[in-house]
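Work through the exercises below with the sequence and the structure side by side, and try each task before reading its solution.

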2 protein chains.
Amino acid sequence: MADQRRPAVVLLSGGLDSATALAVARRDGFRRHALTIAYGQRHAAELEAARRVAAQLGAIEHRVVPLDLRAFGGSALTADLDVPKDRSAEAMAAGIPVTYVPARNTVFLALALAWAETLESYDIYLGVNAIDYSGYPDCRPEFIAAFEQLANLATKAGVERRGQFQVHAPLVHLAKADIIRLGISLGVDYSLTHSCYDPAPDGAACGRCDSCFLRRAGFAAAGVSDPTRYNQ
Amino acid sequence: MADQRRPAVVLLSGGLDSATALAVARRDGFRRHALTIAYGQRHAAELEAARRVAAQLGAIEHRVVPLDLRAFGGSALTADLDVPKDRSAEAMAAGIPVTYVPARNTVFLALALAWAETLESYDIYLGVNAIDYSGYPDCRPEFIAAFEQLANLATKAGVERRGQFQVHAPLVHLAKADIIRLGISLGVDYSLTHSCYDPAPDGAACGRCDSCFLRRAGFAAAGVSDPTRYNQ
């Protein structure tokens, strides 16, 4: 029997937020096509986490598309810059950090759109978050709205179906603790996810980068035990 | 002496239109960083043409970024579909053809934006054209305007410089004959460019696909001899 559910493309990094977005797409009744962009991340741990999460949450397929954003340089996540450690919440809120990858979400959404179009899908899920967001401009609701508008002008599907593309960003207004509570209620196994920008060779999280800081604080605020193995 | 000109990223396919856009960026006084996306084109002829054109028109660098859009399928230019031949101008105007690559210009502009941001460039040139445009939705002025708006929301540069990103589409309102006249006045050597969707193994153009049809008709209308080697 053919799968009659509507298809959605879900951008999946292997982190906590995108795993939760995938679980929301499941709750919303979509057939889930998970997409991971291998953009020259410094650690294979992220890709492995994405594979585990796609399987756990029942994506019907998971594609990994290589795209070497290191070709353009400009970020501690893709170039040889140091990942900042031990920053306060205030320091994180004060500006755009060196871990910012130029135009990352624009590139990722564009690729998701290309796949959505060939799948005849009009729905893209993205786990961005504008509350505990580490200062990235392409995580804001106005960015999402602008991309949705673009998608409907950019594509054959948008033109022929008159603007039905939707970019779902179900976490955009949630604090990290609320994301974790939502994910747990939807069956996410957070022990499979990976957040650290600078893990040890054995995969243990550093416990000190912005991403570890936000993750730890989120579990603490949610009153949920954090399954992550931290080095410090 | 350092090059004091402002930098611009120019998307360069190796075709007639993008070569002309590169010449316009030169006329406008920009330092030109040419970007070619190797998206699983069926013919290396396009990439070779891009290299020749970048050199002829004095780009200070030319990057070729591999991105295999065949991963998503959906186009006669990237999948195993037949390229249509011998279509009339009316047939071309009637709908979006199978040579349409899903979300291509969205993906290309997103990558240009990523590079522009690391170059501290606020200018992207794109040789799209809404007149003799073969029916692609992502060649229309409203698409360009929507991307410009997105770019200013998406990026650190857009946020910090308050919306200075500009997507230049200098050919968007020109007929093919006018593009050719403009390019010749700006020193483009069209014998270096490649337009055919289905060239012979020796590089000769088929003379029958939409792209050959538009190119031939453009040279004829401009009253300029067409330097292309056609098979038919």
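The model is predicted, so to speak of local features a pLDDT of at least 70 is needed, and side-chain atom pairs count only at pLDDT 80 or more, while totals for chains, interfaces and linings use all residues. Residues are numbered from 1 along each chain as its sequence is written, and chains are lettered from A in the order in which they are written.

**Exercise 1.** Determine which strands pair with β2(A).

Solution. Strand β1 (residues 7-11) of chain A pairs with β2(A) in the parallel sense over five bridges, pairing being defined as at least two DSSP bridges between two strands. Within this pair, L11(A) has L35(A) as its bridge partner. Next, β2(A) and strand β3 (residues 61-66) of chain A also pair in the parallel sense, over six bridges, and here A34(A) stands opposite H62(A).

**Exercise 2.** Describe the side of chain A that touches chain B.

Solution. First count the contacts: 36 residues of chain A are in contact with 36 residues of chain B, contact meaning C-beta atoms, placed from the backbone, within 7 Å. The elements giving two or more residues to this side are β3, α4 (104-119), α5 (141-154) and α6 (156-160) of chain A. Of these, α4(A) gives the most, with ten residues.

Methods
Helices (H or I, at least four residues) and strands (E, at least two) are DSSP runs, numbered from the N terminus. Two residues are in contact if their C-beta atoms, placed from the backbone, lie within 7 Å.
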